[in-house]
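Please walk through the model below chain by chain.

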Amino acid sequence: MNVKRVIKLGLSALAVSASLTATAADLPPIKVGILHSLSGTMAISESTLKDTMLMLIKKQNAEGGLLGRKIEPVVVDPASNWPLFAEKARELLARDKVDVIFGNWTSVSRKSVLPVVEELNGLLFYPVQYEGEESSENVFYTGAAPNQQAIPAVNYLMNEVGVKRWVLAGTDYVYPRTTNKILEAYLKDHGVADSDIMINYTPFGHSNWQSIVADIKKFGNQGKKTAVVSTINGDANVPFYRELANQGVKASDIPVVAFSVGEQELSGIDTKPLVGHLAAWNYFMSVDNDANYDFIDSWINYTGNDNAVTNDPMEAHYIGFNLWVQAVRKAGTTDVDAVKDAIIGVSVPNLTGGYATMMPNHHITKPVLIGEIQDNGQFSVVWQTPSTVAGDAWSDFLPGSRDLISDWRKPLRCGNYNVVEKTCGGKEKVAAN
Amino acid sequence: MSIRRLLTQGLIVCCLLLSSVPAHAQSSDDQAQTLLQALADSSYADKAGAINDIAKSGDDRARGWLDAFANGKLSRIEKSGQFVIVLENRGRNWTVADALTGEPIGEVSRRDLDSIRINNSLRRDLDGILAVIDLTVKDPARRLTAARALRGSIDDTMAERIGDLLKDEDDSRVRDALKEAIAIHQVQLGDVSAVSALSGSLNSEARSALTAATRSDDPELAAAAKDALKKIRQKLKWNHAAETLYFGLSLGSVLVLAAIGLAITFGVMGVINMAHGELIMLGAYTTWGMQQLLPGQPGLALILAIPAGFLVSALAGIAIERSVIQFLKGRPLETLLATFGISLILQQLVRTVISPLNRTVITPDWMSGSVMINEALSLTLNRLYVIGFALVVFAGLMLIMRKTRLGLEVRAVTQNRAMARAMGIKATRVDILTFALGSGVAGLAGVALSQITNVGPNLGQNYIIDSFMVVVFGGVGNLWGTLVAGLSLGTINQLLEPWAGAVLAKIVVLVFIILFIQKRPRGLFPQKGRAAEG
């Protein structure tokens, strides 16, 4: 009897395991939501990020997928319309039940998606440099925070170039305004007088730069080395640089360091007049590194365009996707809460020869590179930080956020913990803007 | 820093020697290889020394290497260590030539090339060095450019050498520039007597030097510099006024160009065409297309794009008129919505068919840079051409409307459609031609705009509101009104911008127009008589 029982048990166990392996082969796919504008104004920047994600997913699937399951991309088009971003995010999380979302470009679209992702407990990987002053348990910021781009760039100009007068020029929206607020505070901390800082804002898509460039020229003629720190967004840069060249402002006289001009923006410009102007990023296509060359080659093969360029937000998606894949492997599940905990501390190689680690504040470590524009639309790296810099969600140079830290590990689990008052600020302070 | 300065000075001296001694000793290729190796392997701080060594070598090829280095074209093949000069650096494989022999090598993968890097301060030093060499060339124009470039960037050794060159210089403009360069240098050293030489100068380097001098510890120098600056400021005031006026006219001419096609379709025909901006965009894309068809000849392509852009937009206009607008005659609200839809369709069509990314339209050489009126006032060439083009287009349109049969028929049909038809005018044909004319002119605007703004799917959107603003402000149906309104709005905007900022200036102009329309609903130049009621 006993023996029979044992055999029976053994058989049923076998059957169960057999059925298990049978289901493993046709487990439902892991769904990855891609929330990038494919039409409207932002399509110029965001459509390539969608293709980057599709390429990364295709490659991951070719290598056997994830947890033995295939990855299925779910692409939606929020059409550069900020409220539509929230709607599409809700659609992805509630209807398509995606396990993770990669998306957004502008800060305003991220702000519109934020409450939805928090309410439905989703995961969002945000790949673009931004103004900081935000921390969400559900969002991972793989682009640069101000201390990973703006502050090192200003340091470079101050210490290596010897700049004494500063023009902070930006497009009139949240990212430039916050960044310039931080920079202004930083410069004043370093003894720059009020009269040596000029701040200028222009509307989106501004194309008539004549009087502003003339003003910058005048400002730069006061016997002190002058530089322009530009947070001018997207394609407004083209006429800006063109006007600079036409009015004879050379990079060796008044260099412009830009935070929003990358290889892709330059591919729409005749770059000869721009040679020598600067940009600060965490990645340049010209970085001499094998991982980078492989990435460029697979991108060129994927797009079928020999002249296709790669840029910083693409690298951010590359890092973000690999971090997420590692975290899912580590957690053994795509469950949001498990992945959120598992991803902190995970390191993956970046494309510049180092490693990117996810920090407890949901920002990653990045090297900061300063590049000079070349006549072929590429950048040549002239300076870089000796090691990687960890992203800081709350700027140390703004009075409101100086004492705040973000740490999503147990037991703190707080996005804006005040180290002086020893309290967690609560939700209302999260959206500082 | 001081070491580098020293090295640069030394380098300049040897460049001067180099340029004055005609016979150069040819160094062997081995030596050259070592020299370039030093340049490639040293840090930015030590590169100046390496440059120095190259110039000192007396090698004939040194100038070529330095030129290539200044342009970021000097590279090394990673594996063999062979130095090359990059001839073509687009795409995955770059065309290169051997730096030592000058022989073309062919294509090398960008992966295998290490480019020898340069930064702004090195480039500035190199520019100075090359400028000093250029001071001894025969061509006076090149000497003048070199002399002008030297202002504000010379030091003791150079000043001495320039003083020598000044004695032999026969071109008066070059002499003036060199004298000024020396005076700036002396003021920087704290020499009060040199201030008077700069007191009338409009050059920005001179102003920089004087401004720095006002902060000097020497009270005599500070006072003299302050005095000189006051005189300069007086002079500058008029230049700035002229400059602002030019900026205003140039912005105004862009507005006129964008709006004048609309002045015909909306002003004369009464069709609210929200797709007007996209017709402009089509013209700009035609320019890009022409440049793709004629690679290497951007200037010719641009000129050919003028008729081509007109045709493309005119044909698109005819298609829009025949397929949509003719069925919506007299229903302005529906026309507005339908044409808005067309504008979205056209934008997305360009995104899907061509690319969502902006396209590069090359500015031909004869359109880039600026004309220098004096040191403080220079007019940017591309804007100057656009102003001229806008006036030519305006004059052409006036001629068509006033002097041709088509113009007569258009005016007849818009004033009294029934009567015109009774007189035997084919009203439908006139509608088509008028709309095609207005659309074609929008295409011309696109050709011009491709030279000053981005060519991308959103191009038209940025101009549609401005266009309606200008037409309404100028008085619907009046071409002169459009011209005056465009130019005056442009000037007002540019007057406001320096103290109000670009965002506020735009808002102020809009508020101004709203108030103006309240007072005079028919704009600057209202149509009078019976036609006004129609």
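Chain A exposes about 15,700 Å². Carbon and sulfur atoms supply 54% of that area. This is a predicted model, and the values here are computed from it.

Turn to what chain A is built from. Chain A holds 13 helices and 19 strands. Its C-alpha trace spans about 100 × 55 × 40 Å along the principal axes. How does the radius of gyration of chain A fit a compact globule? A compact globule of 433 residues would have a value near 22 Å; chain A has 24 Å, so the two agree.

Burial comes next. Of the 433 residues in chain A, 61% are buried. The contacts tell of sequence separation. Take the contacts in chain A between residues at least 6 apart in sequence: 66% of them join residues at least 24 apart. Then the charges. Chain A carries 38 positive and 47 negative charges. Their mean positions lie 6 Å apart.

Now zoom in on one residue of this chain. A:Met158 sits in helix H5 of chain A, which covers residues 150-161. Is A:Met158 buried or exposed? Its relative accessibility is 17%, and the cut-off for buried is under 20%, so A:Met158 counts as buried. What does A:Met158 touch, leaving aside its neighbours within four places in sequence? The contacts are A:Val163, A:Trp166, A:Tyr186, A:Leu187 and A:His190. A:Met158 and A:Ala236 are 78 residues apart in sequence. In space they are 26 Å apart, C-alpha to C-alpha.

Move on to chain B. Chain B has 20 helices and 7 strands. Along its principal axes, the C-alpha trace of chain B spans about 90 × 60 × 40 Å. The globule rule gives another result here. A compact globule of 534 residues would have a radius of gyration near 24 Å, but chain B has 30 Å.

The accessible surface of chain B comes to about 24,600 Å². Of this, 61% belongs to carbon and sulfur atoms. Buried residues make up 51% of the 534 residues in chain B. Among contacts in chain B with a separation of 6 or more, 66% are between residues 24 or more positions apart. The charges of chain B number 54 positive and 46 negative.

Strand E6 of chain B covers residues 370-374, and strand E7 of chain B covers residues 377-380. The two run antiparallel, and 4 bridges join them. Which residue in E7(B) is the bridge partner of B:Val371? That partner is B:Leu379. How many residues does the hairpin from E6(B) to E7(B) pass through? The link is 2 residues.

B:Thr265 has its place in helix H11 of chain B, residues 219-268. At 1% relative accessibility, B:Thr265 counts as buried because the cut-off is under 20%. Which residues does B:Thr265 contact, once neighbours within four places in sequence are left aside? They are B:Gly270, B:Val271, B:Phe435, B:Gly438 and B:Ser439.

Note on methods: Residues are numbered from 1 along each chain as its sequence is written. Chains are lettered from A and ligands numbered from 1 in the order in which they are written. This is a predicted model: local features need pLDDT of at least 70, side-chain atom pairs count only at pLDDT 80 or more; totals for chains, interfaces and linings use all residues. Side-chain values use heavy atoms; hydrogens and water are left out. Two strands pair if DSSP finds at least two bridges between them. The radius of gyration is taken over C-alpha atoms; the globule rule is 2.2 Å times the number of residues to the power 0.38. Buried means under 20% relative accessible area, exposed over 50%, partly exposed in between (1.4 Å probe, protein chains only). Contact means heavy atoms within 4.5 Å. Accessible areas come from the Shrake-Rupley method with a 1.4 Å probe; for residues, only the protein chains shown count as cover. Lys and Arg count as positive and Asp and Glu as negative; His and the chain ends are not counted. The place of a charge is taken as NZ of Lys, CZ of Arg, CG of Asp or CD of Glu.
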